[in-house]
Amino acid sequence: LDGVVDSEKVKSSNVDVKIPKSELEAEEKGAEEEPPRESDSNILDVSSDYPRDKHISIQRHLADLEKLADLREDEKKPCPLCPEEKFKACYSHKLHRHLQNLHWKVSVEYEGYRMCICHLPCLPVKPNLVGDQTLPKMGAHYHCIICSATIIRRSDMIGHINRHVNKGETESRFITVRNPKSSYEVVKESATDVQVLPNHSTPQKTDSYFNPKMKLNRQLIFCALAVLAGERKPIECLDAFGATGIMGLQWAKHLRSSVKVTINDCNENSVTMIKENCHLNKMKVKLNIKEEDNDETVGDGEENSDTIEVTKMDANVIMHLRSFDFIHLDPFGTSVNYLDSAFRNVRNLGIVSLTSTDISSLYAKAQHVALRHYGCNIVRTEYYKELAARTVIAAVTRAAARCNKGIEVLLAVALEHFVLVVVRVLRGPSPADDSAKKIRYLIHCQWCEERVFQKEGNMVEENPYQQLPCDCHGSMPGKTAVLLGPLWSGALFNTGFLRRMLLEAVQYGLDEAQPLLKTLVSEAECTTPKHFSTHSPGDENKQEECGVYIKTPNTSAESYLVHGKRKSEEVLRSTAKRQRAEHSAEHPPFYYNIHRHSIKGMNMPKLNKFLNYLSEAGYRVSRTHFDPMGVRTSAPLAQFKTVLMKYSTPTYVGAQAEGPVHLPGEIQVGEEVPAVAEIKVEKAEVAENDKSGVATAVFTQSYPTHCAAD
C-alpha cells in the first residue's frame with residue numbers, strides 16, 4: 001500500500017508535464033474540492049509518457065502476492081488488497097487462506113499474469129454527502145493489465161480482455177509486460193501474403209476486415225482490371241476501402257507497371273496494417289496521409305512498379321479530390337452513399353465496380369430498408385437474385401446520370417454473400433439519357449410469377465394487367481399483380497468483355513473464377529455451354545468468337561494516342577458504336593426455376609435435356625449463375641410449362657399405379673393408368689414411331705385425345 005501511495009504522489013507531482021498551465025489554473029478550484037477524483041484520474045492516466053508500475057493486484061504467482069503481505073508468524077498483517085474496514089489484520093495462516101480463496105481463485109489470467117480481485121477504493125468516487133462527509137466507494141473490481149481500466153464483474157473483465165486481443169491491442173502499457181504482434185496471423189491468397197487479426201472475418205470486432213469467402217469476388221475484380229489494363233497503360237486504380245489491403249496488393253503484384261495502385265482507408269489501425277502488409281510483400285509505400293502530424297514516407301518515394309500509395313481519408317473525399325480510371329467500392333453494407341463521389345471524377349471509359357453485402361435488403365428480407373436505400377419496391381420472388389442486381393444497377397445509373405454520365409453494364413453477379421456490379425462509364429448527356437431510359441417498372445404476377453417490364457411512355461393505361469402474358473387477373477378474384485421497381489431493364493453482361501476476362505483468368509491461373517466466367521459467357525449469349533478455347537496473349541488480336549470482336553491492346557493503345565479534342569471525341573464515338581454492336585442481341589431478362597413450375601405427380605426431365613427441348617422449340621435458352629436450377633429463356637411462362645409437361649413422365653408409386661393420375665392445372669385424366677405390361681408395349685411402339693419423326697407418341701398414347709390437344 002505504501003508503494004501505491006508513493007507512486008500516486010509522484011504522478012500528482014508530475015501532472016504539469018502532461019497538462020498545460022492554463023488548464024491547471026482553471027482546474028485548481030475543482031481539484032481542491034474533490035481531491036479523490038484528481039488522484040484517481042492520475043492513476044488511470046493511460047496517456048502518460050513516463051513508465052509506471054503495474055497495479056499490485058496483477059501478479060504472476062501466489063507467492064508474489066504473499067510477499068506483498070510480508071507474512072510473519074509472530075505478527076498480524078493486513079491484506080494488501082482489502083481495506084481494514086473489510087478485512088482486519090490477522091496471522092499468516094489465516095491471511096494465506098484469505099489471499100488464496102478470495103483473491104487468487106477468482107482472478108483473470110492473461111499471458112502468464114493474474115489480475116486478482118481488488119477491494120481497495122480505486123474506482124472514481126462520486127460525492128455522496130451524508131452529514132457533510134464523503135462516503136468512499138469500496139466495491140470489488142479488477143484492473144486491466146493492458147489499459148488499466150477498472151471492471152467490476154469477472155465476466156465483463158474476460159470480455160474486456162478479449163476485445164483488446166481482437167483489436168490487436170496486446171501490448172501492455174506497463175513496463176513488465178511486452179507482447180508485440182503475437183496475435184497476428186499470416187494468410188496467403190493468390191501469391192499475396194497479408195497479416196490479419198483474430199476474428200478478422202467479423203467486421204464488428206476488428207478494424208481490418210478480411211473475409212476468405214470473398215476470394216471469388218476479388219478474382220472477378222482482378223480480371224476486370226486486367227482487361228482494362230490491356231486497353232490503356234498505365235491506369236490509376238483505387239481501392240477505396242482497403243482494410244488489410246489484400247486487393248490492392250494483388251493488383252500491384254501481378255499487373256506491375258500497368259497500374260498505379262492507391263489503397264485508402266479512414267481507420268488508422270487499418271492504414272498501419274496496410275503498410276505492414278506492403279513491406280511483407282516487398283512493396284514500397286508512398287504515404288499521402290493528410291493529418292496534423294505528418295508521418296514519414298516509407299521507402300524512397302519514387303513512383304515505380306513496386307510502389308503503392310496509401311492514403312488515410314474518407315472515401316468520398318479522395319474520390320472528390322482525384323481522378324481515377326478504375327474505382328472499386330466495397331464498404332460494409334450498402335454502397336449508395338459513395339456513388340455520387342465515384343462518378344464525379346472517374347475518367348471517360350473508366351470502370352467502376354462495387355460490391356454490396358447488404359443482402360438482407362437486396363434479397364427482399366428487409367423490404368423497407370431496400371426502399372430507404374435504393375428507392376425501390378421489391379418483393380420475394382423466384383428470381384430475387386437478379387432482381388437485386390437490377391436494383392443496384394438502377395441506383396448506379398441514377399448516380400451516373402446526375403453527373404452527366406451514362407453506363408454500360410459489363411458484369412452483374414449475385415451470389416450467396418454479395419452482389420457485384422461492374423460498369424463502364426460513358427461521359428456525356430446523350431449516354432446519360434440513354435441509360436436513364438432503361439430504368440423501368442416491372443409488373444409481377446403473384447400467382448404464376450410471370451413478369452414483364454412496363455412499356456415506355458408517360459401515358460396512364462386503363463388496364464395495366466393486359467401487359468402480362470398470363471390470364472391470372474381474369475380467372476382470379478382481386479388484384480393479382482404488383483408493381484416492382486424502378487429497375488434496370490437493359491442487359492446485365494457484355495459478352496466481349498467477359499471473354500477477355502476469361503482469358504485473363506486462364507493467364508493468371510485463377511481457377512475459381514474460370515467456371516463462373518464460362519457460365520456467364522453462355523448466359524450472356526443465351527446459349528448452352530460450349531467448349532471454350534484459350535489462346536496465348538499474343539494471339540489475342542486475331543480472335544473473333546461468335547461474332548464478337550475482341551479489342552486488342554495494340555488497337556486500343558493507338559486509339560488513345562490520338563491528340564486533339566475533336567479527334568479524341570470521334571474515336572470515343574466510334575468506340576461506343578462498336579460496343580453497341582458487340583451486345584446488340586441482348587439476353588432475355590429474368591429466368592424461371594424448373595422446380596418452382598414442376599408438375600405434381602410427374603418426373604421432370606434432366607435440366608440439360610430440358611434446355612435442348614426448349615432450344616428445339618425455337619426459343620433462346622441458357623442456364624444462369626443466379627440459380628443452379630434456373631433457366632433463362634425467351635419463351636413465355638405458358639410455353640415453358642407446355643414444354644415441361646410434354647417431356648415429363650408420370651410417377652407410379654405403390655397403390656397409385658391402379659388409380660387415376662390427376663394432373664395439375666386444367667388437364668385432368670379420368671381414365672385409369674394402364675398396367676405395367678401395357679406400358680412396355682407402348683414403349684416399344686414409341687421407339688418405332690420415333691424413327692419416323694413422331695415426337696409426341698408418349699403423350700397421345702398414354703392419355704386421351706383431348707389432353708394431347710390441350
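Aromatic pairs in this predicted model were counted for rings of Phe, Tyr and Trp (its six-membered ring) whose centres lie within 6.5 Å, and the count comes to 10. A pair of aromatic rings is described by the distance of the centres and the angle of the planes; planes under 30 degrees apart count as stacked, over 60 as edge-to-face and the rest as tilted. One of these pairs, phenylalanine 222 with tyrosine 508, is edge-to-face, at 5.1 Å centre to centre and 85° between the planes. Phenylalanine 222 belongs to helix α8, whereas tyrosine 508 lies in the loop between α18 and α19, 286 residues apart, and the pair thus links distant parts of the chain. Helices (H or I, at least four residues) and strands (E, at least two) are DSSP runs, numbered from the N terminus. Phenylalanine 222 has 3% relative accessibility and counts as buried (under 20% relative accessible area, with exposed over 50% and partly exposed in between; 1.4 Å probe, protein chains only). Tyrosine 508, at 28%, is partly exposed.

The pair of tyrosine 592 and phenylalanine 640 is tilted, with 5.1 Å centre to centre and 35° between the planes. Because tyrosine 592 lies in strand β21 (residues 592–593) and phenylalanine 640 in helix α23 (residues 637–646), the pair ties together parts 48 residues apart in sequence. Both tyrosine 592 and phenylalanine 640 are buried. An aromatic cluster is formed by Tyr383, Phe453 and Phe590.

A charge was taken to sit over a ring if NZ of Lys or CZ of Arg is within 6 Å of the ring centre and within 35 degrees of the ring normal. Arginine 390 has its charged end over the ring of phenylalanine 590, 5.1 Å from the centre. Arginine 380 lies over the face of tyrosine 384, at 3.8 Å from the ring centre.

Helix α19 spans residues 513–525. Its 13 residues reach 18 Å from the first C-alpha to the last, close to the expected 18 Å (1.5 Å times one less than the number of residues). Of the 13 residues of α19, 10 are buried, so the helix is largely enclosed by the rest of the structure. Among the buried residues are Leu516, Leu517, Leu520 and Val521. The cover of the buried residues, by contact (heavy atoms within 4.5 Å), includes α8 (215–231), β14 (405–414), α18 (495–507), β23 (621–623) and β24 (630–633). Cysteine 526 follows α19 and has a positive phi, near 55°.

Residues are numbered from 1 along each chain as its sequence is written, and side-chain values use heavy atoms, with hydrogens and water left out. Local features need pLDDT of at least 70 and side-chain atom pairs count only at pLDDT 80 or more, while totals for chains, interfaces and linings use all residues.
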